[in-house]
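Hello,

The structure is pasted in below for you to look through. My notes on it follow.

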Amino acid sequence: MTSRTGSAPRIDLHAHSTASDGTLTPAELVGAAFDAGLDVLAITDHDTTAGWAPAVAALPPGLRLVRGAELSCRWSGAQPAVPLHLLAYLFDPHHPELVAELVRVRAAREERGERMVGLLRADGIDVNWPDILAGAGGGTVGRPHLAQALIRAGLVGSVREAFGPNWLGERYRLPKEDIDVFRAVRLVRAAGGVPVFAHPRATRRGRVVPDELIAELAAAGLAGLEADHEDHSPAEREHVRALAADLGLFVTGSSDFHGTHKTVQLGAFSTSVEAYERIVADGVTEVASG
Ligand code: AMP
Ligand code: FE
Ligand code: FE
Ligand code: ZN
């Protein structure tokens with residue numbers, strides 16, 4: 001594979017648009033990826049493929065687009081269940097069972113968002129659900145949209161503060177009705193896609209799952225682990241690499257770009273050509289070329 005610039009190809013396999021909790025539209029996202037000098041970008045909005053078509057339609061020449069999603073999952077082996085994220089690449093977006101799960105999870109996110117707003121309002125905090133829903137603009141609703149409402153109301157100064165324990169990080173956080181992670185891995189494979197565990201060791205985000213669970217997921221069809229991610233410490237990245245080598249999984253590195261909802265920039269972390277080619281070889285959906 002050749003790069004646009006003549007140097008090593010730059011491959012970023014995790015980014016969000018306004019189809020979920022990013023701040024750039026899918027068309028703006030691929031434009032920004034081109035401007036950042038990337039050769040490959042994956043669009044991985046939470047629980048939706050709604051950004052695929054507008055991203056493909058706006059794809060600049062020379063940029064390749066991996067169509068994907070980030071599925072909200074849970075592992076029920078601990079109490080309460082541990083929430084986790086599964087990246088899914090190049091799957092059939094019309095697979096009926098997978099589509100049904102995504103529809104269900106998005107609806108549950110809306111109910112949960114509205115209930116979280118209810119908790120805030122019960123404490124006299126002046127945020128309202130219709131504004132937050134409008135702020136999400138039809139995209140998958142998440143806590144970042146509630147964070148923006150808290151900022152608009154002048155209650156917190158930053159997204160970071162909004163995710164603190166007194167706000168959306170703990171006090172007003174409600175669990176989501178996520179997909180059982182084994183079911184998600186099997187569904188992604190059934191839909192011809194390639195499942196990769198997103199930021200599996202990110203202790204700074206909360207509880208993480210044991211390595212034994214990752215080994216069981218590998219046996220169930222998991223293909224890769226995201227190692228290089230801003231939420232992993234250097235030791236956590238090394239741990240993920242060693243575990244992947246043990247289990248015969250590939251590793252990826254990605255920005256998890258969310259526009260101005262996070263500070264990380266496109267291309268901040270990248271994936272090897274070898275891992276990218278394993279995804280392309282295994283996925284049922286073609287990589288789109290601009
Ligand atoms: P939700 O899926 O509604 O539970 O919200 C989780 C989303 O919030 C993640 O996908 C991130 O985009 C964002 N997020 C989580 N923790 C933080 C944080 N500490 N700072 C900024 N954004 C965060
Ligand atoms: Fe997000
Ligand atoms: Fe994630
Ligand atoms: Zn993400």
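Buried here means under 20% relative accessible area, exposed over 50% and partly exposed in between, with a 1.4 Å probe and protein chains only. This is a predicted model, in which local features need pLDDT of at least 70 and side-chain atom pairs count only at pLDDT 80 or more, while totals for chains, interfaces and linings use all residues. Residues are numbered from 1 along each chain as its sequence is written, chains are lettered from A and ligands numbered from 1 in the order in which they are written, and side-chain values use heavy atoms, with hydrogens and water left out.

Aromatic pairs

There are two aromatic pairs (rings of Phe, Tyr and Trp, with its six-membered ring, whose centres lie within 6.5 Å; planes under 30 degrees apart are stacked, over 60 edge-to-face, the rest tilted). The ring centres of Trp52 and Phe91 are 5.1 Å apart and the planes are at 55°, so this pair is tilted. Trp52 and Phe91 are both buried. The rings of Trp167 and Tyr172 are also tilted, because their planes are at 35°, with 6.1 Å between centres. Trp167 counts as buried at 17% relative accessibility, and Tyr172 is buried at 5%.

Helix 9

Helices (H or I, at least four residues) and strands (E, at least two) are DSSP runs, numbered from the N terminus. In helix 9, Glu236, Arg237, Val240, Leu243 and Ala244 are the buried residues. On the other side of helix 9, the exposed residues are Pro234, Ala235, Ala245 and Asp246. Gly248 follows helix 9 and has a positive phi, near 75°.

Regards
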